[in-house]
Amino acid sequence: MANVTVIGAQWGDEGKGKIVDWLSERADVVARFQGGHNAGHTLVVGEKVYKLSLLPSGIVRGTLSVIGNGVVLDPWHFRDEVAKLKGQGVEINPDNLQIAETCPLILPFHRDLDGLREDASGAGKIGTTRRGIGPAYEDKVGRRAIRVCDLAHLDDLDLQIDRLTAHHDALRAGFGEAPIDRAQLMADLTEIAEFILPFVKPVWLTLNKAKAAGQRILFEGAQGTLLDIDHGTYPFVTSSNTVAGTAASGTGLGPNAAGFVLGIVKAYTTRVGSGPFPSEQENDVGQRLGERGHEFGTVTGRKRRCGWFDAVLVRQSVAVSGVTGIALTKLDVLDGFEELQICVGYKIGDQTFDYLPAHAQDQAKAEPIYERIGGWSETTAGARSWAELPAQAIKYIRRIEELIGCPVTLVSTSPERDDTILVRDPFAD
């Protein structure tokens, strides 16, 4: 049985939470491999709605869930999220949730710096979640991060804090802020360590043992491929690699562990925050998509920008992440549209492109080239088989497959866990 890696194939918010939750029933382990609590996953189970941003979605089903080394961890948010889910009746303990020893910590001054930079950037702001993700990753690659394993060795942190304060105090001074309060930082770390340490394990070892035992591992990506630090619409991206290949480096497993790569794609396109969006509809169409799709960020509550399906960008995501199959979500949002449009290329000046050029100015000038296709008046909401879909909806799905060069594996027709059409079981490959 194959492992499965789930990634977003647009700008995030594609509905990964429901799909991971649905697949986790078939998995033995669910592993997060990048990002932090800037990711938002909403799970709807009967009358209950669970909103996760750091914990792997498998935790709701009680599946062994691990937070890999590629994640940056805010320990206080972790504690709050655990408490919130426990309050909803979810069982969480060190037997079903593990944190990698080598996760870098997001600390209070990371959040401060994130906000200070955004406020000072004016029109050039990136649109971060202001949760300290980027600054924490910077400290990781700058070799000055405090990591989860350091919580068990707080008496040995002086040299590491020297490196941190040498960097951050200069930045803070530039913004007119006071230096880091070392005593308060140590007090904060001491206070949170007792809660975090029972969950800390050598996650790479846990996962390698699971792999050797033939267990099925579900790798859960955050954000989307178009927000990848290397392959996304830079600089309007996140601070980590969001492509499927990161499942290996972000957990401590080899590159052959990724298995079936499932790209999650909305039947239309959305984006939160700043950055290029060629197929955006700043009109009644965009308003209708946003209202019907309830397009507000799980983490930030920000209204999402909405537009037509962009086959060019999804085709790029399929290529750079090695996507095996697509899970198409929110098909029901398109119910009732007389006509739909699909972006099949771009025009920039007098040139046409079948991909999105890398430079931000070219991306900002890209004008979509559309293909029109008839819509459907019937409802797809709650459909659980092809036979329940209107013929025109199936035609729309088939055209998407042709344009992106990748088959549709699953179709989601509502936020409900079981309103899913299974075309091909990823775990059976």
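Modeller: Buried means a relative accessible area under 20%, exposed means over 50%, and partly exposed lies in between (1.4 Å probe, protein chains only). The structure is a predicted model, in which local features need pLDDT of at least 70 and side-chain atom pairs count only at pLDDT 80 or more, while totals for chains, interfaces and linings use all residues. Residues are numbered from 1 along each chain as its sequence is written, and side-chain values use heavy atoms, with hydrogens and water left out.

Colleague: Why is Lys 266 called buried?

Modeller: Its relative accessibility is 1%, and Lys 266 therefore counts as buried. This lysine is found in strand β9, residues 260-266; strands are DSSP runs of E with at least two residues, helices are runs of H or I with at least four, and both are numbered from the N terminus.

Colleague: Which residues does Lys 266 touch?

Modeller: Contact means heavy atoms within 4.5 Å. Leaving aside residues up to four places away in sequence, Lys 266 touches Gln 10, Asp 13, Glu 14, Glu 295, Arg 304, Phe 309, Leu 328, Thr 329 and Lys 330.

Colleague: What makes the pair of Lys 266 and Asp 13 a polar contact?

Modeller: A polar contact is a pair of N or O atoms within 3.5 Å; within protein, one must be able to donate a hydrogen and the other to accept it, and residues adjacent in sequence count only if both atoms are side-chain atoms. A polar atom of the Lys 266 side chain lies 2.8 Å from the backbone oxygen of Asp 13, and the pair therefore meets the distance limit.

Colleague: How do you know whether Gly 224 is buried or exposed?

Modeller: Gly 224 has 0% relative accessibility, so it counts as buried. This glycine lies in the loop between β8 (217-220) and α8 (246-249). Among the residues that Gly 224 touches are Gly 8, Trp 11 and Thr 242. The C-alpha atoms of Gly 224 and Gly 263 are 9.2 Å apart, while the two residues are 39 apart in sequence.

Colleague: Why are His 294 and Lys 330 placed in the classes they have?

Modeller: His 294 is at 61% relative accessibility, so it counts as exposed. Lys 330 has a relative accessible area of 24%, which means that it is partly exposed. His 294 lies in the loop between α9 and β11 (305-307), and Lys 330 in the loop between β13 (325-329) and β14 (339-348).

Colleague: How do you know that the span of helix α6 agrees with its number of residues?

Modeller: The expected span is 1.5 Å times one less than the number of residues. Helix α6 (residues 182-196) has 15 residues and should span 21 Å; its end C-alpha atoms are 20 Å apart, which agrees. Helix α2, with 13 residues, reaches 18 Å from its first C-alpha to its last, close to the 18 Å expected.

Colleague: Which residues of α6 are buried, and what covers them?

Modeller: Leu 185, Leu 189, Ile 192, Ala 193 and Ile 196 are buried in α6. Their cover includes α2 (75-87), β6 (97-100), α3, α5 (158-174) and β7 (200-201). An α-helix has 3.6 residues a turn, so residues three or four places apart point the same way.

Colleague: What is found at the start of α6 and at the start of α2?

Modeller: At the start of α6, a side-chain oxygen of Asp 181 comes to within 3.2 Å of the backbone nitrogen of Ala 183. At the start of α2, a side-chain oxygen of Asp 74 comes to within 3.0 Å of the backbone nitrogen of Trp 76. After α2 comes Gly 89, with a positive phi near 95 degrees.
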